[in-house]
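This report goes through a predicted model.

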Amino acid sequence: MAQAEGRANETEMKAMDANRYATKKTIAQGMLDIALLTANASQLKYILQVGEQHQFYKLMLILISLSIVMQLLVGILFVAIGSLNINRQQDQTAAIILNDIILVVIFVISVVNVIISGFGIEYSSQPLRLIDQHAKVP
């Protein structure tokens with residue numbers, strides 16, 4: 001009997017470890033999402049400062065905004081998945097579905113950010129300069 005009880009405790013500990021791992025993984029993914037969100041906010045600021053002088057202004061504005069909105073969606077899904085207890089069968093099913101949704105959205109975010117990089121903030125075919133409105137232009 002003591003041996004069966006020991007096995008039950010061991011199984012419970014493994015289940016707790018899996019839940020702890022999933023929580024830590026979610027937190028780490030959230031931190032990476034914050035880093036990308038910060039980079040996109042910086043890119044958005046640059047595009048808005050330069051304005052339509054940028055060769056791909058509208059495209060960049062749309063792509064950066066789309067990336068930020070999708071990152072906010074992923075952040076909300078991270079909060080939802082982080083509140084689940086994967087030791088319960090009902091929560092496991094929900095966690096699997098949410099995890100799959102998060103995976104697809106993160107893939108789309110990655111593709112959008114590759115496109116943003118391809119059209120480049122710094123590597124436009126025309127060099128960009130912020131013009132002081134008070135300076136005389138010859």
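## Largest pocket

The largest pocket has a volume of about 230 Å³. Its lining is made up of 14 residues, and those closest to the centre are Ala22, Ile81, Ile86, Ala95 and Asn99. By class, the lining holds 6 nonpolar, 7 polar and 1 charged residues.

Helix 1 (2-50), helix 2 (57-82) and helix 3 (89-119) each contribute at least two residues to the lining of this pocket. The most comes from helix 1, with 6 residues.

## Overall fold

The protein chain contains 3 helices and 0 strands, and its pattern along the sequence reads α-α-α. It has 138 residues, of which 26% count as buried.

Among contacts in the protein chain with a separation of 6 or more, 75% are between residues 24 or more positions apart.

Helix 2 has 26 residues, so at 1.5 Å a residue it should span 38 Å; its end C-alpha atoms are 37 Å apart, which agrees. The buried residues of helix 2 are Tyr57, Met60, Leu63, Ile64, Ser67, Ile68, Met70, Gln71, Val74, Leu77, Phe78 and Ile81.

The same check for helix 3 uses 31 residues, which should span 45 Å at 1.5 Å a residue; the end C-alpha atoms of helix 3 are 45 Å apart, in agreement. Its buried residues are Asp91, Ala95, Leu98, Ile102, Val105, Ile109, Val112, Asn113 and Ile116. An α-helix has 3.6 residues a turn, so residues three or four places apart point the same way. After helix 3 comes Gly120, which has a positive phi, near 55 degrees.

## Nonpolar core

The largest nonpolar core has 20 residues, and the members that touch the most others are Ile64, Val74, Ile81, Ile102 and Ile116. Helix 1, helix 2 and helix 3 are the elements that give two or more residues to this core. Helix 2 gives the most, with 10 residues.

Ile116 is one of the core members named above. Setting aside residues up to four places away in sequence, Ile116 touches Asn40, Gln43, Met60, Leu63, Ile64 and Ser67.

## Asn40

Which residues does Asn40 contact, leaving aside its neighbours within four places in sequence? They are Ile64, Ser67, Ile68, Gln71, Asn113 and Ile116. Asn40 itself lies in helix 1.

The relative accessibility of Asn40 is 1%, so this residue counts as buried.

## Met70 and Val108

Met70 is placed in helix 2. Its relative accessible area is 12%, under the 20% limit, so Met70 is buried. Beyond its neighbours within four places in sequence, Met70 is in contact with Val105, Val108, Ile109 and Val112. Met70 and Ile102 lie 32 residues apart in sequence, and their C-alpha atoms are 9.9 Å apart in space.

Val108, one of the contacts of Met70, is found in helix 3. Is Val108 buried or partly exposed? Its relative accessible area is 33%, which means that Val108 is partly exposed.

## Lys25

Lys25 belongs to helix 1. With a relative accessible area of 32%, Lys25 is partly exposed; the range for that class runs between the 20% limit for buried and the 50% limit for exposed. Lys25 and Gly82 are 57 residues apart in sequence and 9.4 Å apart in space, C-alpha to C-alpha.

Definitions and conventions:
Residues are numbered from 1 along each chain as its sequence is written. This is a predicted model: local features need pLDDT of at least 70, side-chain atom pairs count only at pLDDT 80 or more; totals for chains, interfaces and linings use all residues. Side-chain values use heavy atoms; hydrogens and water are left out. On a 1 Å grid over the protein atoms alone, a cavity is a set of points where a 1.4 Å probe fits but cannot get out, and a pocket is an open set with protein on both sides within 12 Å along at least five of seven lines; lining residues have an atom within 4 Å of a point. Grid points are joined across faces, edges and corners, and a volume is the space filled by probe spheres set on the points. Helices (H or I, at least four residues) and strands (E, at least two) are DSSP runs, numbered from the N terminus. Ala, Val, Leu, Ile, Met, Phe, Trp, Tyr, Cys and Pro count as nonpolar, Asp, Glu, Lys and Arg as charged, and the others, Gly among them, as polar. Buried means under 20% relative accessible area, exposed over 50%, partly exposed in between (1.4 Å probe, protein chains only). Contact means heavy atoms within 4.5 Å. A nonpolar core is a set of buried Ala, Val, Leu, Ile, Met, Phe, Trp, Tyr and Cys residues joined through side-chain atoms within 4.5 Å. The expected span of a helix is 1.5 Å times one less than its number of residues.
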